[in-house]
Amino acid sequence: MAEPARAAPSSRRNAKASARRAPWGTISREDVITAAVQIISGGGYEEMSIRSLAAGLGVAPMSLYRHVRDKDDLLDEVVDRLLAHAWRPTAAEDDWQAWVTEAAANLRHFLVTQPAALHVYLTHPVVSPSAIERMNAMMDVLRRTGLDEATARSAYGALHTYTIGFAALEASRAGWTPDERDADGLGRQLAAYTSAAQFTEGLRYLLAGIGRHTISSPES
């Protein structure tokens with residue numbers, strides 16, 4: 001008598017995976033985003049994929065597409081959640097230069113330490129709720145110095161692009177080590193231009209220029 005056919009190893013694995021999966025419709029968009037936030041805030045951005053996220057939630061990958069359009073849609077939401085807790089300065093708003101400096105430094109640190117956030121900011125203009133809240137707060141502080149609307153917008157644009165650009169350069173050079181042929185130390189000197197201290201120094205020049213247009217500036 002012929003022996004009954006045995007299931008192929010791949011079929012057995014698929015059956016086991018299906019048995020472990022959560023029932024259809026038991027996860028929500030919030031579940032997906034919360035799981036992704038935990039992974040990314042823990043440093044797992046590079047390894048995270050829709051497939052690995054679905055496996056962690058115990059669902060099939062296609063189940064996630066009922067709640068998020070694609071990985072970029074998911075990253076936008078995750079970065080917005082993380083930004084909400086990262087950008088706010090502790091300086092008083094009436095000290096506009098200290099407040100703006102801290103707001104910019106907080107965003108730089110956020111982008112440098114969260115690769116997912118830097119990816120999102122370099123991919124497209126970020127108009128998420130937290131990003132808009134941050135922009136509006138900065139605009140309010142700049143307006144209160146006496147800047148007209150057009151100048152306040154221009155000042156915000158200069159500060160914002162400087163911060164993102166600096167963070168991108170700093171992050172891209174994070175793994176750089178001096179070359180043995182750099183005998184005169186020129187490479188080290190240039191590397192110092194992408195330090196947190198140099199970022200603050202650059203902000204001083206920007207704020208000095210903005211200050212010339214304000215009513216409250218000591219220089220006016």
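Just after helix 2, G43 takes up a positive phi of about 90°. The model described here is a predicted one.

**Helix 2**

- The buried residues in helix 2 are V32, I33, A35, A36, V37 and I40.
- An α-helix has 3.6 residues a turn, so residues three or four places apart point the same way.
- The packing partners of the buried residues in helix 2 are helix 3 (50-57), helix 4 (61-64), helix 5 and helix 7 (115-123).

**The nonpolar core**

- In soluble globular proteins, nonpolar side chains tend to be buried together.
- In this model, the largest nonpolar core contains 54 residues, and L74, V100, L111, Y121 and L142 have the most contacts inside it.
- Two or more residues of this core come from each of helix 2, helix 3, helix 5, helix 6 (96-113), helix 7, helix 8, helix 9 (149-172) and helix 11.
- Helix 6 makes the greatest contribution to this core, giving eight residues.
- L142, one of the core residues with the most contacts, touches W96, V100, L147, A152, A155, Y156 and I210, when residues up to four places away in sequence are not counted.

**Helix 5 and helix 8**

- Two packed helices are described by the angle between their axes and the distance between the axes.
- The axes of helix 5 (residues 71-84) and helix 8 (residues 129-143) cross at roughly 40° and come within 7 Å.
- Helix 5 and helix 8 are therefore oblique to each other.
- On the helix 5 side, D80, L83 and A84 take part in the contact, and they meet P129, S130 and A131 of helix 8.
- Sorted by class, the residues in this contact of helix 5 with helix 8 are four nonpolar, one polar and one charged.

- L206 belongs to helix 11, which runs over residues 196-211.
- L206 has a relative accessibility of 25% and therefore counts as partly exposed.
- Leaving aside residues up to four places away in sequence, L206 touches A158, L159 and Y162.
- Of these, Y162 is 44 residues from L206 in sequence, while their C-alpha atoms are 9.2 Å apart in space.

Terms used: Residues numbered from 1 in each chain as written. Predicted model: local features only at pLDDT ≥ 70, side-chain atom pairs only at ≥ 80, totals over all residues. Heavy atoms only, no water. Axes fitted to C-alpha atoms, helices over the stretch in contact; angles between N-to-C directions. Helix = DSSP H or I, 4+ residues; strand = E, 2+ residues; numbered from the N terminus. Parallel < 35°, antiparallel > 145°, perpendicular 65-115°, else oblique. Contact = heavy atoms within 4.5 Å. Nonpolar A, V, L, I, M, F, W, Y, C, P; charged D, E, K, R; others polar. Buried < 20%, exposed > 50% of the residue type's maximum accessible area, 1.4 Å probe, protein only. Core = buried A, V, L, I, M, F, W, Y, C linked by side-chain atoms within 4.5 Å.
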